[in-house]
Structures are given as structure tokens and as C-alpha cells.
Amino acid sequence: MSEGLEQSFVKQLKDNQNIIHKICRLYTSGEDAHKDLFQEITIQLWKAFPKFRGESKFSTWAYRVALNTAITLYRKSTRSIATVDYESKSFFISQEDYNTEEEEQIKLMYQAVHQLNDIEKALIFMYLEDKDYTEIAETLGISEVNARVKMNRIKGKLKKILNP
């Protein structure tokens, strides 16, 4: 690959790495699994980058590749390894602005989202990232109407999980 293509990829990846981290957090638990998935997504993005035609934004394309990679790996992993969830460990943060109530709400939300299926996770993730239904539909390969219907069902499902 040309050096220009490599530099373009690195810049795009740096600019959009938060997308990948959020997807990793959604589909993994634990720092090692997060790092492994991040690395795998980066590899898949790099392999596919020469075929990126620029017909959509890089972020939309990266969402699609990252979600497909995460879902594929999630479905392939049939063996389970005993790990300690990071949430069960105590961390000490000296930041004065730290809001434990907000952190607890985020934990509960992630626990609820982890109960959704792969497509539902992807849809809610993009919705929470303030993506419009057009971009969500394009990324997930479904119609805009279907994305809206699924989103309403997911909201109901999350309400039931969070408020039994």
C-alpha cells in the first residue's frame, strides 16, 4: 500500500477511534477482551480500507466494519473463559467532579444493553451516539422505517429491563 493511503488510514482511525472503543465496550467485558477486539477491528478496517470508496462518511463505514467484526467474533466465541468483571473491582478516583450516581446509572444501562441481541445493541448504540435514522439504516443495512420500529421496540425492552 502507498504511504499516502497509510497516512490517510491512520488519520481517519485516530479521528474515529472513539467509535471503536464504544463498540468494544458494548461487546466485551474486561480490559483484555476490549483490547483484543479493538485490535481485531483495526485489522479488519485496515484490510478493507483500500476498498473504501468514500460513498459514505468514514465514520459510517467504520461503524459497519466494527459492528460486523464485533458481532462475528461474539458469535464465534463458544468457549468461555473465567474472568473477573472490571465492575466488581474497586477503583479509586481522586477527581472531585466524579458522580457516583451517574456512574451507577451508566453501569445499569450497560447491563441492560448487554441483555439485547446483537442487532439491538448496534441500533441502540448508534441511537445513543445521536446518529439519525438514515445513517443507522445505512450502517445496519435495513430500511429507515425498520430502524424506527426496531428502536421503539428496543426502548420498550430496555424500560422493562430497567424498571421490572
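This is a predicted model: local features need pLDDT of at least 70, side-chain atom pairs count only at pLDDT 80 or more; totals for chains, interfaces and linings use all residues.
**Overall make-up.** I counted 7 helices and 0 strands. Read from the N terminus, the order is α-α-α-α-α-α-α. The protein has 164 residues, and 32% are buried. I put the accessible surface at about 11100 Å². Carbon and sulfur atoms account for 49% of that surface.

**Core.** I turned to the largest nonpolar core, which holds 38 residues. I23, Y27, I41 and L45 have the most contacts inside it. Helices 1 (3–27), 2 (31–48), 3 (58–76), 4 (100–113), 5, 6 (133–140) and 7 (144–162) each supply at least two of its residues. Helix 3 gives the most, with 9 residues. In soluble globular proteins, nonpolar side chains tend to be buried together.

**Y27.** I listed what Y27 touches, leaving out residues up to four places away in sequence. The list reads L37, L67, A70, I71, Y74, D118, K121 and A122. Three of these names, D118, K121 and A122, took me on to helix 5, where they are buried.

**Helix 5.** Is this helix, residues 118–128, mostly covered or mostly open? It is mostly covered, with 8 of its 11 residues buried. The buried ones are D118, E120, K121, A122, L123, I124, F125 and M126. I then checked both ends. At the N-terminal end, N117 is the cap. One of its side-chain oxygens lies 3.1 Å from the backbone nitrogen of I119. Just after the helix, D130 takes a positive phi of about 65°.

Notes. Residues are numbered from 1 along each chain as its sequence is written. Side-chain values use heavy atoms; hydrogens and water are left out. Helices (H or I, at least four residues) and strands (E, at least two) are DSSP runs, numbered from the N terminus. Buried means under 20% relative accessible area, exposed over 50%, partly exposed in between (1.4 Å probe, protein chains only). Accessible areas come from the Shrake-Rupley method with a 1.4 Å probe; for residues, only the protein chains shown count as cover. A polar contact is a pair of N or O atoms within 3.5 Å; within protein, one must be able to donate a hydrogen and the other to accept it, and residues adjacent in sequence count only if both atoms are side-chain atoms. A nonpolar core is a set of buried Ala, Val, Leu, Ile, Met, Phe, Trp, Tyr and Cys residues joined through side-chain atoms within 4.5 Å. Contact means heavy atoms within 4.5 Å.
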